[in-house]
Amino acid sequence: MDIMQTSDSSHHGIVENNPYKIPYDKHVEGGQLDASWYFSRKEIEENSLSRRDGIDLKKESYLRKSYCTFLQDFGMRLKVPQVTIATAIVFCHRFFLRQSHAKNDRQIIATVCMFLAGKVEETPRPLKDVVLISYEIIHKKDPAAVARIKQKEVYEQQKKLLLIGERLVLVTLGFDMNVHHPYKPLVEAIKKFKVAQNALAQVAWNFVNDGLRTSLCLQFKPHHIAAGAIFLAAKFLKVKLPADGEKVWWQEFDVTPRQLEEVSNQMLELYEQNRVGPPPSQGNDTERSSASVRAPVKEEPLANESHQAPRQSSIPGHHGYDHPHP
């Protein structure tokens, strides 16, 4: 075993034969990892190391959503901002881009990513809190877990495991802790709009948060994701976004109609898979969206498509998210 594997599986050992293995032939001069973290969806899905270890696409998608849910819960328990949670999720996505789920425990890796995100976003939490709360969440079905982690031997073993995992994550990410999110470009753009600012910002913000459960952050730059979220929010709220003469709103994001359509459709896929509606602005009625939308063309930022906007619905997991303030 190259890293560590505890004899007790409840302690979640991390095992990886080659922690620096990279599925994509993307390097720069000097043998350093490429600073770019963006790949096509096809590259991500077909070159997955998890796939090579027998984990199919459906299972990998489930595992991705699973550690995102864990991190959202973990972040709320640690009382860190949504941006810190988002950074932890991005770190986790990047890690499993270059490592296999079959050889690494997702909850331990996610815990390490949250610990690192706290440092990066200047919202650090004590290692002791990270160890205790993570263990309690991982073993939430075990009533004895709270007492067990307070035993010195168990605590020290879990702490050691996280510190080993920290080194693995840092090496796997090439020590690149630089992360940007769609929140800032989203809010800045909506400030310029004179229509339904609060509702538009809230629904778009929720689309961004839910989009973290997909691989969008590995495919598109933050401002492209922000544009897709605004586009969907406007459609579901039936709000027409502004156009200034020859210039339409989405050109501010340096995004193409094709990119806008792809981001939007991947966001909608998430709700189709979960059989729920889009993020709410208000109300509790539920109705599923149709499978896809078309991106706007230059002449009509929000063309009259046949796609019907569903009523706003309640999404599990939105409670506790930070809210935008345009």
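In the predicted model, residues 24 or more positions apart account for 78% of the contacts in the protein with a separation of 6 or more. The secondary structure comes to 12 helices and two strands, and the order of the elements from the N terminus on is α-α-α-α-α-α-α-α-α-α-α-β-β-α. Of the 326 residues of the protein, 53% count as buried.

The largest nonpolar core has 88 residues, and those with the most contacts inside this core are Leu71, Phe74, Leu186, Phe207, Ile230 and Trp249. In soluble globular proteins, nonpolar side chains tend to be buried together. Around leucine 186, when residues up to four places away in sequence are not counted, the residues touched are Ala201, Ala204, Trp205, Val208, Ala226, Ala229 and Ile230.

Helix H10, which comprises residues 197-211, has 15 residues and reaches 21 Å from its first C-alpha to its last, close to the 21 Å expected at 1.5 Å a residue. Helix H11, for its part, has 16 residues and spans 22 Å from its first C-alpha to its last, close to the 22 Å expected at 1.5 Å a residue. Because 14 of the 16 residues of H11 are buried, this helix is largely enclosed by the rest of the structure. Just after H11, lysine 238 takes a positive phi of about 60°.

Rolling a probe the size of a water molecule over the atoms shows where empty space is left. The largest pocket has a volume of about 370 Å³, and of the 19 residues that line this pocket, the closest to its centre are Arg41, Ser61, Arg64, Lys65 and Gln273. Helix H1 (41-46), helix H3 (57-78) and helix H12 (257-274) each supply at least two residues of the lining of the largest pocket, with H3 giving the most, at seven residues. By class, the lining of the largest pocket is made up of four nonpolar, six polar and nine charged residues.

The structure also holds three cavities of 30 Å³ or more. The largest cavity has a volume of about 100 Å³ and is lined by 11 residues, of which Ile44, Glu60, Arg64, Phe96 and Leu97 lie nearest its centre. The elements that give two or more residues to the lining of the largest cavity are H3 and H4. In terms of residue class, the lining of the largest cavity divides into six nonpolar, three polar and two charged residues.

How values were computed:
Residues numbered from 1 in each chain as written. Predicted model: local features only at pLDDT ≥ 70, side-chain atom pairs only at ≥ 80, totals over all residues. Heavy atoms only, no water. 1 Å grid on protein atoms, 1.4 Å probe; cavity = no way out; pocket = protein on both sides within 12 Å on 5 of 7 lines; lining within 4 Å. Points joined across faces, edges and corners; volume = space filled by probe spheres on them. Helix = DSSP H or I, 4+ residues; strand = E, 2+ residues; numbered from the N terminus. Nonpolar A, V, L, I, M, F, W, Y, C, P; charged D, E, K, R; others polar. Core = buried A, V, L, I, M, F, W, Y, C linked by side-chain atoms within 4.5 Å. Buried < 20%, exposed > 50% of the residue type's maximum accessible area, 1.4 Å probe, protein only. Contact = heavy atoms within 4.5 Å. Expected span 1.5 Å × (residues − 1).
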